[in-house]
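Thanks, everyone. Let me put the structure up, and then we will go through it piece by piece.

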Number of protein chains: 2
Amino acid sequence: MQQAIRTVHVGVIGLGTVGGGTVRLIQKHRDSYIDAYGIDIEVTRGCALDADRAAELGLTGDAFTSDWRDITSDPDIDIVVELIGGEHPATEIFEDAFAHGKHVVSANKALLGKQVGTLAAHARAAGVQIRCEAACGGGIPIVNALEHALVGNKALTIAGIVNGTTNYILSRMDAEGLDFADVLADAQRLGYAEADPTADVDGFDAASKLAILSSIAFHTRVTTDDVYMQGIRNVSAIDIEQARELGMKVKLLAVGRNTPAGVDVRVHPTMIPADHQLAAVNGAMNAVYMVGDAVGETMFYGAGAGAFPTASAVVGDILELARPLCQGDDLAAESEPYAKVLPIRPIDNLSTRYYIRLALEDRAGALAPAISAFEQAGVSLSSVRDVRCGDNGKRSVVLLTNRAQEHDVTAACAQLAEQGGAVQVASLIRIEDMDAWTEGVEAN
Amino acid sequence: MQQAIRTVHVGVIGLGTVGGGTVRLIQKHRDSYIDAYGIDIEVTRGCALDADRAAELGLTGDAFTSDWRDITSDPDIDIVVELIGGEHPATEIFEDAFAHGKHVVSANKALLGKQVGTLAAHARAAGVQIRCEAACGGGIPIVNALEHALVGNKALTIAGIVNGTTNYILSRMDAEGLDFADVLADAQRLGYAEADPTADVDGFDAASKLAILSSIAFHTRVTTDDVYMQGIRNVSAIDIEQARELGMKVKLLAVGRNTPAGVDVRVHPTMIPADHQLAAVNGAMNAVYMVGDAVGETMFYGAGAGAFPTASAVVGDILELARPLCQGDDLAAESEPYAKVLPIRPIDNLSTRYYIRLALEDRAGALAPAISAFEQAGVSLSSVRDVRCGDNGKRSVVLLTNRAQEHDVTAACAQLAEQGGAVQVASLIRIEDMDAWTEGVEAN
């Protein structure tokens, strides 16, 4: 016996891949949401530039508009779903929705990475909520876990593979021995990378997601600009082959750590042990580690993009907002903004091991000045080895350091650059200190 | 500026490993829960047989009792945390807590695996809630994900490694080439296995967790008795070595699938591809796959047991219950019991590939009757090979089948048993059809 429930009306702005998946998923399961949860949601109106696209989704007549204001101002709509991405007019959509007392569900990591604190404060002032599960790792339910199931913990680390495009490229470089440019071109052809791949391959997308996740996990405010960022353009087939010989894999990791010296937030290629759980995350899949002082290491794995995986997260958020509304209850406003802002630890203060590949002239005495530059900067080397002659008559020499300070390594590299072209740093990849991720976990 | 919040009083029954972890975690983080979430929880009273144990946790005087009724009937207590395990007096603790209008948090998989439907109905009638995140996979937040973030999906599969003891034993058998009995003895010495290991090694513990997870994921009622169960006692070092040669690992999986022919729920040793994400879950760690029609494959990985990981789940549940109570709001009763009960698909109807190791006399003509038994039962073999002579003068022959029906395989094995001792089925391990886990996922 189902008690009477109210239908919650949803307006979807943006009917592209994720918007289309969202509309279709709600249409497919509307009856089962009523049966299983007593929640009735309906996509009352959709906004797109293209009426034909809306019609494909069954949104015609009053159910279609090409002006987003028709949705944010529609008195019948309870929840606005923003799926257009980018900063504008997404910001205006959020603000206008708040002004009309509507909750917002969004997958917009670019906007939220920069503005999550400000937008949350505005939502709170308007008495409404923002939900953004789909903005961090597509279908992986990590935001919900951080906000609910794991709240008993102090979060120590939130880290992982949160960009599918770069993971796809690195996985294929590894499996097929190809160079970055070749795989990127193929990935673009197959639709795994955008025509303009910058946001993915240079790390912006991962940095945005890390900013949001770190803000939630550590109860502070981290923005995309706080995140140190280095993409994968300089990772070569040689580096990946060298990593394999060292028992490691190269992965673009987003790492957030809540350290006594500040929040350490960075996105860059890393070498990690080949038998680590994250090393087995291949192709376009994503995986996020959350280390809590009580729970220890947890990992969440799944599809980080795609129409239906992302729609799963969007619809999960819609259903959570709708749950009390369908029963005629009110929904609390967005909770109190973060009380304190923790300092950001500069990348210069990172202490880890480094893989450094030098390109140098193939002549006696070429290597010594390079070794000297590192030693004089206080960087101790654990191994030095010739790996291959390059096509251009230059040698490649791989240095592995013992634990060193980033600023000392940077100083040594600058010193080499000043010496002129005889020795060049062809690539520098940090060897991630994953033991540090669990510092502060309670012993059982 | 923190608005005035009410302290929510918690009574903990059972101060063993998990109870102790729960009390200590709340003591450690009470102030930060107030700061970060506006939730104030206090362990007002603890119940144990041993006053000294309670005193170690700071529970003395009125804060200690050796009679659980002092907690279930205490008018000051809002939430009863049952951590004694087993069916009695845990059932009576639940019922008495309900009778006094108290919510219950529990890690008791043995009880909930058998009674979750009945207890949920009683909680609902009393206007209170049961929460049991800690009962399924220790610290892994899978229950919360199924009840919230993933509700947009139709759940197709819930499967994984949910018993740490057996995974520890199989991992060591694999790494060290040891036999079951040797590793079990060592695991008992090290505290990874109980003195009476039955609940773990024979699959009861995993079956209880699977019953709870399947009930939640598939919106039906599955009890431990519905789950087909086979433990790991018959897995030998030879089988694990054979698996390795076939590119597979042996894992004790709990598999729940929502199929058109009914709910397929089973716990047994399986062979899975060595490069599958679950094959890399080693030692006492747990991992649960949830496949939804929209999200596709997701995996949740973490510690399945231990004082603080399990306390993380218990305290997460307490905080969720306390969140509205601290604001002076009411908490809704347990939601409507499952509307429909799906049929259970008998194990006889399983269709998969099988690894069968025969022990047979080392003489000409010994093998043919065995091959014939399988062929006559309609089981097609994809390979037959001699693997090793046993110590007792018997041969070992490994058969791999093509896809076959469980009842045909069972019939062939029964036929061999009737033929007398010349050929014995030394082990039979199902090769899990993991492609079937994703049947019904939406194409992107």
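A:T310 is buried, with a relative accessible area of 6%. Buried here means under 20% relative accessible area, exposed means over 50%, and partly exposed lies in between, with a 1.4 Å probe and protein chains only. Before I go on, the ground rules. This is a predicted model, where local features need pLDDT of at least 70, side-chain atom pairs count only at pLDDT 80 or more, and totals for chains, interfaces and linings use all residues. Residues are numbered from 1 along each chain as its sequence is written, chains are lettered from A and ligands numbered from 1 in the order in which they are written, and side-chain values use heavy atoms, with hydrogens and water left out.

Back to A:T310. The residue sits in helix α12 of chain A, residues 307-326. Helices (H or I, at least four residues) and strands (E, at least two) are DSSP runs, numbered from the N terminus. What does A:T310 contact, leaving aside its neighbours within four places in sequence? The answer is A:V18, A:A134, A:G138, A:G139 and A:A305. Contact means heavy atoms within 4.5 Å.

Now the domains. Chain A is assigned domain 1 (7-139 + 307-326), domain 2 (142-303) and domain 3 (348-435). Those bounds come from an automatic or database domain assignment. Taken over C-alpha atoms, the centres of domain 1 and domain 3 of chain A are 50 Å apart.

UniProt positions are in the numbering used here, feature names are shortened, and annotations may be inferred rather than shown by experiment. That stretch of chain A, residues 141-319, is 40% helix and 27% strand. Its end C-alpha atoms are 14 Å apart.

Next, helix α8 of chain A. Its buried residues are A:F180, A:V183, A:L184, A:D186 and A:A187. They cover an arc of only 170 degrees around the axis, so they lie on the same side of α8(A). The arc is that of the directions from the helix axis to the C-beta atoms. Covering these buried residues are, among others, α7 (164-176) and α9 of chain A. On the face turned away from the buried side, α8(A) carries the exposed residues A:A181 and A:R189. After α8(A) comes A:G191, with a positive phi near 90 degrees.

Then we reach A:E194. UniProt places a "binding site" (unreviewed entry) there. A:E194 is in the loop between α8 (180-190) and α9 (198-201) of chain A. Is A:E194 buried or exposed? Exposed, at a relative accessible area of 52%.

On to the cysteines. A search of the whole structure finds zero disulfides over all chains. A disulfide is a pair of cysteine sulfur atoms within 2.5 Å. For A:C136, the nearest cysteine sulfur is that of A:C132, 5.5 Å away. A:C136 is buried, at 1%. B:C47 also counts as buried, at 6% relative accessibility.
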